[in-house]
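Please keep the sequence and the coordinates at hand while reading.

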Amino acid sequence: MAEIIDKYCDIILIGDSVGMTLYGMKTTREVEIETMILHGKAVKNSAKRSFVVFDMPHKTYSNKFIAYKNVKKVMKLTKCDAVKLEGGKKIVNIIAEYGVAKFEEAKSKGALYEANKKSDEILELVNQLES
């Protein structure tokens with residue numbers, strides 16, 4: 001599937017919705033990081049052109065230490081181009097601590113922002129994206 005999509009999309013998001021669509025889970029909160037890593041590897045190996053974004057599963061970035069450990073593992077094992085964390089202002093300090101994430105902004109322009117900034121700069125970016 002990724003080989004087909006790769007021809008037509010600039011960005012491929014490996015979403016945690018894979019748990020619901022392929023495994024019959026009731027919510028995305030049931031998806032384990034190991035399941036996502038398997039899908040991430042498959043997609044990244046098939047995508048030759050697209051920017052591949054890995055959607056971090058629920059509770060895999062609840063604090064900066066867990067976030068760092070899991071993002072490092074995901075990036076190493078999948079070779080994805082970026083990770084996506086959800087939480088807006090609540091996770092600014094987690095992102096700012098290590099500069100480990102890249103933002104995918106789908107609300108307005110579909111632009112990508114690399115997060116390697118101080119927490120106040122990231123908070124400003126989040127505020128802009130939410131408006």
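Thr60, a residue of the loop between β2 and α4, touches Ile33, Ile66, Ala67 and Asn70, with residues up to four places away in sequence not counted. The model is predicted, and the values below are computed from it.

- Ala67, one of the residues touched by Thr60, lies in helix α4.
- The relative accessible area of Ala67 is 2%, so this residue counts as buried.
- Setting aside residues up to four places away in sequence, Ala67 touches Thr60, Tyr61 and Ile94.
- The C-alpha atom of Ala67 is separated by 9.4 Å from that of Leu85, and the two residues are 18 apart along the chain.

**Helices α3 and α4**

- Helix α3 covers residues 33-46 and helix α4 covers residues 64-78; they pack at an angle of about 35°.
- The axes of α3 and α4 are 9 Å apart, and their crossing is right-handed.
- On the α3 side, the contact is made by Ile33, Glu34, Ile37, Gly40, Lys41 and Lys44.
- On the α4 side, these residues meet Asn70, Lys73, Val74, Leu77 and Thr78.
- By type, the residues of this contact are 4 nonpolar, 3 polar and 4 charged.
- Ile33 and Asn70 take part in the contact of α3 with α4, and Thr60 touches both of these residues.

**Thr35 in helix α3**

- Thr35 lies in helix α3.
- With a relative accessible area of 18%, Thr35 is buried, because the class takes in values under 20%.
- Thr35 and Asp16 are 19 residues apart along the chain, and 9.1 Å separates their C-alpha atoms.

**The second largest pocket**

- The volume of the second largest pocket is about 260 Å³.
- Its lining has 15 residues, and those closest to the centre are Met1, Ile12, Leu13, Ile14 and Val43.
- At least two lining residues come from each of α1 (2-6), β1 (11-14), α2 (18-23) and α3.
- Helix α3 gives the largest share of the lining, with 4 residues.
- The lining is made up of 10 nonpolar and 5 polar residues, with no charged residue.

**Loop residues with a positive phi**

- Lys59 is not a glycine, yet its phi is positive, at about 65°.
- Lys59 is found in the loop between β2 (51-55) and α4, and Thr60 lies in the loop between these elements too.
- Lys79 belongs to the loop between α4 and β3 (82-84).

**Met25**

- Met25 is located in the loop between α2 and α3.
- With 22% relative accessibility, Met25 counts as partly exposed, because the value falls between the limits of 20% and 50%.
- Apart from neighbours within four places in sequence, Met25 is in contact with Gly19, Met20, Glu30 and Val31.

**The chain as a whole**

- The protein chain contains 6 helices and 5 strands.
- Starting at the N terminus, the order of the elements is α-β-α-α-β-α-β-α-β-β-α.
- The chain has 131 residues, and buried residues make up 37% of them.
- Of the contacts between residues at least 6 apart in sequence, 58% join residues at least 24 apart.

Technical notes: Residues are numbered from 1 along each chain as its sequence is written. This is a predicted model: local features need pLDDT of at least 70, side-chain atom pairs count only at pLDDT 80 or more; totals for chains, interfaces and linings use all residues. Side-chain values use heavy atoms; hydrogens and water are left out. Axes are lines fitted to C-alpha atoms, for helices over the stretch in contact, and angles run from 0 to 180 degrees between N-to-C directions. A crossing is left-handed if the near helix is turned anticlockwise from the far one by less than a right angle, and right-handed if clockwise. Contact means heavy atoms within 4.5 Å. Ala, Val, Leu, Ile, Met, Phe, Trp, Tyr, Cys and Pro count as nonpolar, Asp, Glu, Lys and Arg as charged, and the others, Gly among them, as polar. Buried means under 20% relative accessible area, exposed over 50%, partly exposed in between (1.4 Å probe, protein chains only). On a 1 Å grid over the protein atoms alone, a cavity is a set of points where a 1.4 Å probe fits but cannot get out, and a pocket is an open set with protein on both sides within 12 Å along at least five of seven lines; lining residues have an atom within 4 Å of a point. Grid points are joined across faces, edges and corners, and a volume is the space filled by probe spheres set on the points.
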